[in-house]
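Here's a quick briefing to read alongside the structure.

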Amino acid sequence: MEKYEHGGRVYDETGATENFIDFSANINPLGFPDSVRLALQKNFAGIVNYPDPDAVELKSAICNRYDVRPENLVLLNGAAEFFYLYANT
């Protein structure tokens with residue numbers, strides 16, 4: 001039986017395996033998009049700050065784009081937070 005481990009191993013031969021796509025970490029097989037690189041360069045000075053814990057601007061942008069009310073929107077820090085909150089609700 002083959003042993004499976006968490007992915008995201010980009011620093012050794014495990015990460016060089018080409019017979020699968022690794023969805024266990026934020027790895028883009030297409031590389032870093034130029035649009036993201038440009039956005040980071042333009043906003044580099046703001047990267048030193050912690051994100052707004054209430055995500056006011058992000059919530060506003062999502063609500064405006066998709067025509068949803070803020071009370072119907074929940075922003076989370078990944079699936080682990082979702083499962084934790086779901087199980088405790």
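Phenylalanine 83 sits in helix α3, which covers residues 79-87. Keep in mind that this is a predicted model. With a relative accessibility of 53%, phenylalanine 83 counts as exposed, because the cut-off for that label is over 50%.

**Nonpolar surface patch**
- Phe83 is also one of the residues behind a nonpolar surface patch of about 770 Å².

**Second largest pocket**
- This pocket has a volume of about 330 Å³.
- Its lining takes in 13 residues, and Asp52, Pro53, Asp54, Ala55 and Leu75 are the ones nearest the centre.
- Helix α2 (residues 56-66) gives the largest share of that lining, with four residues.

**Two residues with positive phi**
- As background, most residues other than glycine have a negative phi.
- Alanine 55 has a positive phi, near 50 degrees, and is found in the loop between α1 (34-42) and α2.
- Aspartate 67 also has a positive phi, near 55 degrees, and belongs to the loop between α2 and α3.
- Aspartate 67 is exposed, since its relative accessibility is 72% and the label needs over 50%.

Terms used
Residues numbered from 1 in each chain as written. Predicted model: local features only at pLDDT ≥ 70, side-chain atom pairs only at ≥ 80, totals over all residues. Heavy atoms only, no water. Patch = residues over 30% accessible without salt bridge, like charges linked within 9 Å, V, L, I, M, F, W, Y side chains within 5 Å. Areas by Shrake-Rupley, 256 points an atom, 1.4 Å probe, with all protein chains shown as cover. Salt bridge = Lys/Arg side-chain N within 4 Å of Asp/Glu carboxyl O. Buried < 20%, exposed > 50% of the residue type's maximum accessible area, 1.4 Å probe, protein only. 1 Å grid on protein atoms, 1.4 Å probe; cavity = no way out; pocket = protein on both sides within 12 Å on 5 of 7 lines; lining within 4 Å. Points joined across faces, edges and corners; volume = space filled by probe spheres on them.
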